[in-house]
Amino acid sequence: MSAVVAPGTLPDASEPTPGRLVEAARRSPRMRWPLYLLAGVLTFFLLFPIYLITIAAFSPRAALFAFPKSLVPTEVSTETLLFFLNSRGVLGSAWNSVLVGLITLALSLAIGTPAGYALARYAFRGRDAFRMLILTTRAFPIVILAVPLAVSFIQWGLYDTVFAVALVHTALALPTTVLITSSIFIAVPRDVEEAALTLGCTPLGAFTRVALPLALPGLAASSIFTFVLSWNEVFAASILTVVNRTLPAQVFSSLSDSPLPYRFAGGFALIVPSLVFIFFIRRYLFNMWGRVSR
Amino acid sequence: MQGQVAESVGVAPAPVARGRRRELAPYWLLAPTVLFMAAFFVWPMLQALVLAFQDASGSLSLEPIRRMAIDPKFLEAMRNTVVLTLLVVPAQVVLALVMSLVLMSGLRGAGIFLYAWAIPLGISDLAAGLVWLSIFTDRGYLNSVIVGLGLSETGFSFLSYEHPVSIFLAVAVAETWRATALVMVILLAGLQVIPKEYAEAADVFGATPWQRIRHVTLPLLRPSLQVALIIRTILAFQAFAVVIALAAYNLPVLAGETYRWYGDLRNPNVAAAYAMLIMLFSLVNTGIYLRALRTRDEQVGIT
C-alpha cells in the first residue's frame, strides 16, 4: 500500500472513470433493467433527502409547522432562510468559516506543496518512510487533537480565534494536501520542465511558468477539497471557540435552543457551498478521496 | 527553490559543493510539513495522554479515568458507539460495493450516477443530521408520508428517548447515507485498477457473474477494502454531530461525551480520557483489520 506509484501510471489511473465506464457500457449492449432499477433506487435514497431539506429551507414557517407536510413545495418563500441568516451570530460565523477556510487553504498549500513536490521529483532516503507516516495520520482519530490543543491555545492566548481553528484544520488537511500535490506533480511531465530549462528558463522560471500552470487545475481542486474539509468540520471548531464560532459550530451550539426552521435552514446553508464545490471538482473525485486515501 | 529544481533535473553541472545541497534539498522541502505535524498532530496526542492522567491541579493521577468510568453515561456511550459502528460500517461497505459494482457493470449514464452518488462526500455530519432531522422529526416528512398513506393517525415519535431503537436506526441511516460515498470512491478506485483480463478469464471459464465477483473481484479488491474499513471505522468511532443533531444527548456516544465533558462540564482531563479511549479503540481496530485482511505483496502491487 505504501508503494510509490510509478510516475506515469497515476494520471491514467486517476482519470479514466467516465472513459472506462463508457467503454464498459459499449461492451455489453444487453438489456439490464434490474441494474437500472437498482441504480434508480440508490439515486433516490441519496438525493431525495437533499431535495427535502431544500424545500424545507424554502418553505414559509407556517408550512414547516403544518402537518402532514406536502412533499412538493406549495409555496416558495425565503422567510425561513432569512430568519436563519438574521439570527444572532449566523452571518458573523459564516464569515469566520470563510476566513478559517482561506487561512487553512493558504497554510496547507504553503506548507504542503513543497513536500508534495519533493515526493514527486526526488528519490531520497526516507521517502517511503515519510509517505508511510503521512498515511498513518489517517489511522488516528482527529477528535483527540481538539481537547489538548484547546488547553494549549488558552495558554498561548490563541483560544477562541479564527487562527486557532485554522491551525487545527491545517493539521487535518496537510497530509492530504501533501499526497495530492505529489500526485499532481508526478502527473506534470518532467520533460517539459527540462525543455524550459534548455530553452533558457531559470529553474524558478521553469517551475513557475511551466510546472505550476500545468499543475494549477489540480492544485485548485486540492484547494477546494481543503476548503470543504474546513467548512464541514464541527468538533474541533466547537471545542476551540466560544464567541468566534464558525458556521457549523454556531449551528451546533444552538441546536438545543433553536426552533426547527432554524435547524432546517442551517442544514441547507451548510450543504450548499459543498454541493457547489463538489460540482467543480467532480473530475478529481478519485484523486481527492479515492486514490489519496490508500 | 531555484537550485533545487535545476539539480533535480540534472541540467546544471553539479560540482561537489552543490551535490551536497542536492542531497539535502528534499529534506528542506519536507521540513515545514514535518515540523507542523510534530507541533499540531504528534504533540497534542502526547498532551492528551498526559491530560488523561492528571487531576485538576496538574499532578499525576488516575482521577480522570475514574470519573470517566463511574459516569452513568460511560458504559452506555461505549456500547452505543460500538454497536453503531458494527451496524453502520458493514452497511456502508456492502452498499458501497453494490454501488461500485453497478457503476462498473456497463450501465449507460454511469458517469452521471457516479456524480450523483458522490454528492454526500461534501456534506458534514452536522448537516447530514439536520437533513435527516427534517425527515425523522415528529412532524417531519416521514411521518407526513405515513399519515398521508393512512398508516397511522399521528405518526411515530422516531426520535423520542422512549424509543431508543428507532433513534438508533435513524442515526445509523443518516450516517450510512452520508458516508457511503467515501467508501464507494475508495472501492471504485480499487476496482478500476484491477486488470480487465481477470474478469475476462473468469468469463472464459464459464463463471457466473456472482462467482466472478466472489472469487475474482473481491479477493483482488482486498487492499481497497482494508483501507475503506480502517478509515470508516475510525470515523464511526468519532460519530458526533449527526448523533446530537438527531438525538440530542439521548444517545450518548464517546465523541459526544468528550465534547460534553470539555464544553459543558469544563473538565479537559476527563475529556482527554475519553479522547484516549477513542484513540485506543481506533488503534486496536486498525490492528485487527491489518491482521485479518493481510495482503500479499503481489496483491498490493496492483493497487
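The model is predicted. Chain A has 15 helices and zero strands. Chain B also has 15 helices and zero strands. The contact between the chains takes 99 residues from chain A and 96 residues from chain B.

**The chains**

- Chain A has 294 residues, and 48% of them count as buried.
- In chain A, take the contacts between residues at least 6 apart in sequence: 75% of these join residues at least 24 apart.
- Chain B has 303 residues, of which 46% count as buried.
- In chain B, 69% of the contacts with a separation of 6 or more link residues 24 or more positions apart.

**Where chain A meets chain B**

- The contact draws 99 residues from chain A and 96 residues from chain B.
- On the chain A side, helix H3 (residues 33-57) gives the largest share, 13 residues.
- By class, the side of chain A that touches chain B holds 71 nonpolar, 16 polar and twelve charged residues.

**Helix pair H9 and H11 of chain A**

- Helix H9 (residues 162-187) and helix H11 (residues 203-232) of chain A have axes that come within 10 Å and cross at roughly 155°.
- Angles over 145 degrees count as roughly antiparallel, so H9(A) is roughly antiparallel to H11(A).
- The crossing of H9(A) and H11(A) is right-handed.
- H9(A) contributes A:His169, A:Leu172, A:Ala173, A:Thr176, A:Thr177, A:Ile180, A:Thr181, A:Ile184 and A:Phe185 to the contact.
- H11(A) answers with A:Ala211, A:Ala215, A:Gly218, A:Leu219, A:Ser222, A:Phe225, A:Thr226, A:Leu229 and A:Ser230.
- The contact of H9(A) with H11(A) has ten nonpolar and eight polar residues, and no charged ones.

**Helix pair H11 and H14 of chain B**

- Helix H11 (residues 222-237) and helix H14 (residues 268-292) of chain B pack at an angle of about 165°, with their axes 10 Å apart.
- That angle makes H11(B) roughly antiparallel to H14(B).
- H11(B) and H14(B) cross with a right-handed sense.
- From H11(B), the contact uses B:Gln226, B:Leu229, B:Ile230, B:Thr233, B:Ile234 and B:Phe237.
- From H14(B), the contact uses B:Ile278, B:Phe281, B:Ser282, B:Asn285, B:Thr286 and B:Tyr289.
- Seven residues in the contact of H11(B) with H14(B) are nonpolar, five are polar and none is charged.

**A one-sided helix in chain B**

- Helix H5 (residues 110-118) of chain B has buried residues B:Ala110, B:Phe113, B:Leu114, B:Trp117 and B:Ala118.
- Viewed down the axis of H5(B), these buried residues fall within an arc of 125°, so they line one face of the helix.

**Backbone details to check**

- Most residues other than glycine have a negative phi, and most peptide bonds are trans.
- The peptide bond from A:Phe67 to A:Pro68 is cis, with omega near -5°.
- A:Pro68 sits in the loop between helix H4 (61-65) and helix H5 (79-85) of chain A.
- B:Ala248 is not glycine, yet its phi is positive, near 50°.
- B:Ala248 lies in the loop between helix H12 (241-247) and helix H13 (254-264) of chain B.
- B:Ala248 has 14 other C-beta atoms within 10 Å, so B:Ala248 is partly exposed.
- B:Arg266 also has a positive phi, near 55°.
- The loop between H13 and H14 of chain B holds B:Arg266.
- B:Arg266 counts as exposed because it has 9 C-beta neighbours inside 10 Å.

Methods. Residues are numbered from 1 along each chain as its sequence is written. Chains are lettered from A and ligands numbered from 1 in the order in which they are written. This is a predicted model: local features need pLDDT of at least 70, side-chain atom pairs count only at pLDDT 80 or more; totals for chains, interfaces and linings use all residues. A residue is buried if 20 or more other C-beta atoms lie within 10 Å of its own, exposed if 12 or fewer, and partly exposed in between; C-beta atoms are placed from the backbone. Helices (H or I, at least four residues) and strands (E, at least two) are DSSP runs, numbered from the N terminus. The arc is that of the directions from the helix axis to the C-beta atoms. Axes are lines fitted to C-alpha atoms, for helices over the stretch in contact, and angles run from 0 to 180 degrees between N-to-C directions. Angles under 35 degrees count as roughly parallel, over 145 as roughly antiparallel, 65 to 115 as roughly perpendicular and the rest as oblique. A crossing is left-handed if the near helix is turned anticlockwise from the far one by less than a right angle, and right-handed if clockwise. Two residues are in contact if their C-beta atoms, placed from the backbone, lie within 7 Å. Ala, Val, Leu, Ile, Met, Phe, Trp, Tyr, Cys and Pro count as nonpolar, Asp, Glu, Lys and Arg as charged, and the others, Gly among them, as polar.
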